[in-house]
Amino acid sequence: MKKEEGKNQTYIIEFILLGFGDRPELQYCLFLLFLVVYIVTVVGNILIVVLVVADQHLHTPMYFFLGNLSCLETCYTSTILPRVLASILTGDRTISFCGCIVQFYFFGFLAATECCLLAAMSYDRYLAIRKPLHYATLLNGRICLQLAAGSWMNGFLTMTIITCLMSQLHFCGPNEINHFLCDFTPVIKLSCSDTSLIKLATLIFSFMDTLPPFLLTLASYVCIISTILKIPSTTGRQKAFSTCSSHLMVVTIFYGTVVIVYMLPNSDTLRDLNKVFSIFYTVLTPLANPLIYSLRNKEIKEALRKVISKYMVLP
């Protein structure tokens, strides 16, 4: 355990991410599983970004936000999984203090941004279904750009403040983080400084970054579902619901697992369960995004078919 001397105290300069090291018999299986998930996630999300940029038919608000979400998911999973894979492969579970702070920053930045992007996407579906005649006017290119930029800026500002506060903390020992990433709660537990300010700031920003976007998303889908139920024909209802079902599935997976992880009592008996559910929103949600949109979306499948037929020689 590396330390550096302060005036009257020895401070830790690296941590040990315990991850899944308590299950040595599963290490190779976990490595292969996470490797396949990472490759499929990155390739799938990058493919969606490429299709949205290349295909003129996908230059709409819905796919503009989807492209932003896919770009975010690529960065999100790249913040976590490469470090996990390297740890499993080499057995080296140490991470420097600076490395931990950087991972925490990008993890929080992308998570906060995703909340806002999902809310913007739900607002897009609300306007498309509730006000189709005014959709192009109410959600033009300038407004889409402002919503996307605001989402990214919100995450950036929030995590810049929280990370600056965390970087001022001192860690005297122990240095073992019982997680596979540098998340807020397990890191703060190890600090020997006064953490009341950063806990208060994090609580305030967490509510600001999650509650309004969640309520907006919830309100949008209440209005969407009520509108769909008023459509007289079964075919019309199915067609209307198909335009938002993919996004609704992504929202449900993301918020469902986040609520479970951060609402579970913080006890030793539930710590392993917490790590399992953390995998869902940090690893499986980025994977679900390209799978759900590619399998359930006709426009994405058609754009992919055009790209394949253009650049590959079909028999």
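The largest cavity has a volume of about 40 Å³. This is a predicted model, in which local features need pLDDT of at least 70 and side-chain atom pairs count only at pLDDT 80 or more, while totals for chains, interfaces and linings use all residues. Residues are numbered from 1 along each chain as its sequence is written, and side-chain values use heavy atoms, with hydrogens and water left out.

**Cavities**

The search of the whole structure turns up two cavities of 30 Å³ or more. A cavity here is a set of points, on a 1 Å grid over the protein atoms alone, where a 1.4 Å probe fits but cannot get out, and lining residues have an atom within 4 Å of a point. Volume is the space filled by probe spheres set on the points, which are joined across faces, edges and corners.

| Cavity | Volume | Lining residues |
|---|---|---|
| Largest | about 40 Å³ | Met62, Met121, Asp124, Arg125, His247, Tyr293 |

The lining of the largest cavity takes its largest share, three residues, from H3. Helices are DSSP runs (H or I, at least four residues), numbered from the N terminus. By class, this lining has three nonpolar, one polar and two charged residues. Ala, Val, Leu, Ile, Met, Phe, Trp, Tyr, Cys and Pro count as nonpolar, Asp, Glu, Lys and Arg as charged, and the others, Gly among them, as polar.

The lining of the second largest cavity has eight nonpolar residues, with no polar and no charged ones. Here H2 gives the most, with three residues.

**Helix packing around H7**

How do H3 (residues 97-130) and H7 (residues 196-229) cross? Their axes come within 9 Å, at a crossing angle of roughly 20°. Axes are lines fitted to C-alpha atoms, for helices over the stretch in contact, and angles run from 0 to 180 degrees between N-to-C directions. H3 and H7 are therefore roughly parallel (an angle under 35 degrees). Contact means heavy atoms within 4.5 Å, and the contact of H3 with H7 has 14 nonpolar, six polar and three charged residues.

H5 (residues 141-167) also approaches H7, with axes within 10 Å and crossing at roughly 170°. The pair H5 and H7 is therefore roughly antiparallel (an angle over 145 degrees). Asn154, Thr158, Ile161, Ile162, Leu165 and Met166 of H5 meet Leu197, Ile198, Ala201, Thr202, Phe205 and Asp209 of H7. That contact divides into eight nonpolar, three polar and one charged residue.

How values were computed:
Helices (H or I, at least four residues) and strands (E, at least two) are DSSP runs, numbered from the N terminus. Angles under 35 degrees count as roughly parallel, over 145 as roughly antiparallel, 65 to 115 as roughly perpendicular and the rest as oblique. On a 1 Å grid over the protein atoms alone, a cavity is a set of points where a 1.4 Å probe fits but cannot get out, and a pocket is an open set with protein on both sides within 12 Å along at least five of seven lines; lining residues have an atom within 4 Å of a point.
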